[in-house]
Amino acid sequence: MKLRSIVVDDSSMQRMAVAKLVNNHPNLALVAEYSNAIEAKNGIKNNEIDLIFLDVEMPIINGFDLLESLENPPQVILITGKPDYALKAFDYDVTDYLHKPITMARFDASVKRAVQKFEQLHKVHEDEEHIFVKSNLKKRKVVLSDIKWVEALGDYIKLVTDEANVVILSTMKAFEKQLPADKFLRIHKSYIVNLERIEKYNSKNVEVAGRSIPLSRNKKAELAEALSNV
């Protein structure tokens, strides 16, 4: 297993040194190198990245600014020449913190930590029922139990999940066929809900995660029956 990695550092020498460490490590695959946060942000958006080796001290937009701008950042190993940032680093839930100059032993320890964290995160979901959807030109794994509801958006649909909203090109009818009928129900022309996530309902609405969703009159009996079997 190799973690897809990028190196972000404004210093070409430091970037080259870290890239060499990444290329020589059996559990890492170097996807790209970036000299600034703007390029890095675009790269993260357009590629599937598991791990960022991120320099803190960069001009204009520093490492912490980049992390704050990412909606769902991958794992991060921060690199800095100043030990003062160590405490702040863990406010950002980084995997590890490397102080320059980087030793091989310390680098290997950081990568080992990243690999263990990756395995733990993916083991949680490996046995859970899931589907793959295409969003922003990329295939994305969606665990079915994480879906709260599905909402029609013209030619698109929006999956509202625990992690984020995922917009895909599909009709409600086509997407409904991908969902297990015993766990999901289309309660309105524009909504499919996860039956296990329903908190309460009445004759007009269903409440899911604090959100009120309209219930069609012709779906009331079907909903009541479906909930009795959950």
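**Exercise 1. Which helices and strands each supply at least two residues of the lining of the largest pocket?**

Solution. The model is a predicted one, in which local features need pLDDT of at least 70 and side-chain atom pairs count only at pLDDT 80 or more, while totals for chains, interfaces and linings use all residues. Residues are numbered from 1 along each chain as its sequence is written, and side-chain values use heavy atoms, with hydrogens and water left out.

Begin with the elements, which are DSSP runs numbered from the N terminus (helices, H or I, of at least four residues; strands, E, of at least two). The elements that each supply at least two lining residues are helix H2 (37-46), helix H3 (63-69), strand E4 (75-80), H5, strand E6 (130-135), strand E7 (138-143) and strand E10 (165-169). E7 gives the most to this lining, with six residues.

**Exercise 2. Classify the two rings of the pair formed by phenylalanine 53 and phenylalanine 107.**

Solution. Rings of Phe, Tyr and Trp (its six-membered ring) pair if their centres lie within 6.5 Å, and planes under 30 degrees apart count as stacked, over 60 as edge-to-face and the rest as tilted. Two aromatic pairs are found in a search of the whole structure. For phenylalanine 53 and phenylalanine 107, the ring centres are 5.3 Å apart and the planes stand at 20°, so this pair is stacked. The pair links distant parts of the chain, since phenylalanine 53 belongs to strand E3 (residues 51-55) and phenylalanine 107 to helix H5 (residues 104-126), 54 residues apart.

Next, consider accessibility, where buried means under 20% relative accessible area, exposed over 50% and partly exposed in between (1.4 Å probe, protein chains only). Phenylalanine 53 has 0% relative accessibility and therefore counts as buried, and phenylalanine 107 is buried with a relative accessible area of 0%.

**Exercise 3. Describe the surroundings of threonine 95.**

Solution. Threonine 95 lies in the loop between helix H4 (86-89) and strand E5 (96-99). With 5% relative accessibility, threonine 95 counts as buried. Contact means heavy atoms within 4.5 Å, and, not counting residues up to four places away in sequence, threonine 95 touches Gln75, Val76, Ile77, Arg113, Ala114 and Lys117. The side chains of threonine 95 and glutamine 75 are also joined by a polar contact of 2.7 Å (a pair of N or O atoms within 3.5 Å; within protein, one must be able to donate a hydrogen and the other to accept it, and residues adjacent in sequence count only if both atoms are side-chain atoms).
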